[in-house]
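Reader: Please set out the assignments made for this structure, together with the criteria on which each one rests.

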2 protein chains.
Amino acid sequence: VSLLDDEIAEQPEALANFLDAEIPALGRFQPLLRDPDLRYVVVAARGSSDNAARYAQYVFGARLRLPVALAVPSVISVYKQPPRLDGALVVGVSQSGRSPDIVSVLEAAADQGRPSIAVTNDPGSPLAAVASEVLPLHIPAERSVAATKTYVCSLAALALLCSCGAEGAEARRAEGELRGLPPIVESVIRRAVSERDLASRFAHIENCAVIGRGFNYGTAYEIALKIKELSGVIAEPYSPPDLLHGPIAAIDQGFPVMVVAPEDATLPGLREIAETLSERGSDLIVISGDAFLHGIAGSAFTLPSQPQDWLTPMVTVVPGQVFAAQLARARGADPDHPVGLSKVTETY
Amino acid sequence: VSLLDDEIAEQPEALANFLDAEIPALGRFQPLLRDPDLRYVVVAARGSSDNAARYAQYVFGARLRLPVALAVPSVISVYKQPPRLDGALVVGVSQSGRSPDIVSVLEAAADQGRPSIAVTNDPGSPLAAVASEVLPLHIPAERSVAATKTYVCSLAALALLCSCGAEGAEARRAEGELRGLPPIVESVIRRAVSERDLASRFAHIENCAVIGRGFNYGTAYEIALKIKELSGVIAEPYSPPDLLHGPIAAIDQGFPVMVVAPEDATLPGLREIAETLSERGSDLIVISGDAFLHGIAGSAFTLPSQPQDWLTPMVTVVPGQVFAAQLARARGADPDHPVGLSKVTETY
């Protein structure tokens, strides 16, 4: 058993700790999210946190109708042109709070008197220091290099911020739904770990793709990143429309494609593309409770229970983490020591 | 000689036609880009046009300090929640103008009385019909499936819109720089085509990566997409920071990495990561005029001349197109009939 396995298993507890600590103290974020002059949100993030930022695009968009721009930090670091942020709320997501390029985006907000929120595991970090408000993740330092607990807690943090944009009964319902997450994540982990190892038959693959849509578009990116980091297999994330716009040409007989398909509004489109891929001879791996997808997949992770649609990404990513760790071991790699990776990347 | 080769060669003429037709008529866009209440830009696009949208993020950011949000059309199509667009200018980029999800984003703008611009090759398309203003690309219908002329003209269209945000001498200088592009693109095509075929030694690869930064981040995506579409080789685009945040673990001995490195502010960082990759045994292919990069690369495309930094993407993509076509032929594929692709993708 690796550190990574331990940390995957500790995710429900990490989520529960985070929610218990922060739900009672949400008041400080409400004025920022309910500001009538708020026009859009800028999210600055890298790596796994960037996949959490992709979730923010959908959750703020679908629940608050707020557009989200992902920051392009190199306009500051390379071109020395900080963005004009009138009308924006800036959110920086960084586990360590020490990525200089993420810090620079929140510095631009501070220079312009715009509000910002640091989502970080280190309330003493430079990112926290420059932010108007800090939303700490409350996770005892992650020991494995690949982010798992920090990823699901970053998602929960963004969902929590989104809930601050709602009022009255809607806000209370959102909090209740969030509080229901930990036991669901627990059940999915228990199920994924107890099933026979699905990755061993893929030990010799060079490539795969991961497909998700809407709230779970970022999940596809995160699972692909975990597979690349841990196993060295090249994994490409796609939404169904992006795949149809070209790259489907590169997918042929026996090509492994993982489909992230909770039972929500994205399911019909995912069934459709899964069927197309199956007809082209793809070897499908599904993360779903849907019987049709289980029927056409070569391998399937079950989702024994499912939260409300906007919270599914905290659940669907888990079988992907388990698969990535299994695949690493099947290929003789050590999931705790991925080649060429360090925990903090101080990008220039 | 394929249709694709012809169309690659016709790019300078297409650019010149587009610029000749549209530079004299830019006045209609100036009020939209100079509106003091403009807070940010939303760009809606798919496929190659989405790579042009990535360019928009950098060019509007670095030259006008305007944040750009890439639209996530499925908040409308899947979740039925059109974004609130106060403060936004919406730009839709679609060669055909017939992607329903791109049209839906401009419809949201129209419903809310917000301005929008359609960048399209079909002024009679549904996208053009719903937009406040149309910027047509003026290209006789592209015959090959893979977009080349429409891609560089879409980039030029976005650069032209960006120039409308500047005033006086700065605006005139930008127009002059744009008008200088066609002969530079011409010289780069002539050079890339006359050099010996660089792709033949890569005929048996399964994977590669393409790296670019800043204005050329989108170029890395576009070259990777061309390689995937035309040759079936899995090509992954990265910025240097994104590569260092994980996926570098999957890059080992002999792995082909293409580096898009014009001589601008992105060059020092690209030299650095190219050196790191070279030490890890990567097989580097560079698109650059830089002697250091030529020295450590296994294969190199020259850039005999180079426009101003913000216009380099219309030049650097060309050797990538040539490489993708060469690679397709080296693998026995027909560049004019990529497997599984059609010109218009009507995503649901």
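**Criteria and assignments**

Author: The side chains of A:R201 and A:D283 form a salt bridge, with 2.8 Å from N to O. The model is predicted: local features need pLDDT of at least 70, side-chain atom pairs count only at pLDDT 80 or more, and totals for chains, interfaces and linings use all residues. Residues are numbered from 1 along each chain as its sequence is written, chains are lettered from A and ligands numbered from 1 in the order in which they are written, and side-chain values use heavy atoms, with hydrogens and water left out.

Reader: Why is the pair A:R201 and A:D283 called a salt bridge?

Author: The term requires a side-chain nitrogen of Lys or Arg within 4 Å of a carboxyl oxygen of Asp or Glu. The N to O value for A:R201 and A:D283 is 2.8 Å, so the pair meets the definition. By this rule the count comes to 35 salt bridges over all chains.

Reader: What parts does the pair A:R201 and A:D283 tie together?

Author: A:R201 lies in the loop between α10 (181-194) and β6 of chain A, and A:D283 in strand β9 of chain A, so the pair links parts 82 residues apart in sequence. Helices (H or I, at least four residues) and strands (E, at least two) are DSSP runs, numbered from the N terminus.

Reader: How do you know that β8 and β9 of chain A pair?

Author: Pairing requires that DSSP finds at least two bridges between two strands. Strand β8 (residues 256-261) and strand β9 (residues 283-288) of chain A have six bridges, in the parallel sense, so they count as paired. In β9(A), A:I285 is the bridge partner of A:M258.

Reader: What is the strand order of the open sheet in chain A, and what makes β7 and β10 its edges?

Author: The five strands run in the order β7-β6-β8-β9-β10 (chain A), with parallel pairing. β7 (234-238) and β10 (299-301) of chain A each have a single partner strand, so one side of each is left without a neighbour in the sheet. The twist averages 20 degrees from one strand to the next.

Reader: Which strands does helix α11 of chain A touch?

Author: Helix α11 (residues 217-231) of chain A packs on the sheet and touches β6 (207-211), β7, β8 and β9 of chain A; contact means heavy atoms within 4.5 Å. The direction of α11 makes about 175 degrees with that of β7(A), where axes are lines fitted to C-alpha atoms, for helices over the stretch in contact, and angles run from 0 to 180 degrees between N-to-C directions.

Reader: How many residues does each chain bring to the contact, and what area is buried between chain B and chain A?

Author: Chain B brings 67 residues and chain A 66 residues. The buried area is about 6,000 Å², of which carbon and sulfur atoms give 57%; the term denotes the accessible area (1.4 Å probe) that two parts lose on being put together, summed over both.

Reader: What makes B:E236 and A:K228 a salt bridge?

Author: Their side chains meet at 3.3 Å, N to O, so the pair falls under the definition already given. The count between chain B and chain A is five salt bridges.
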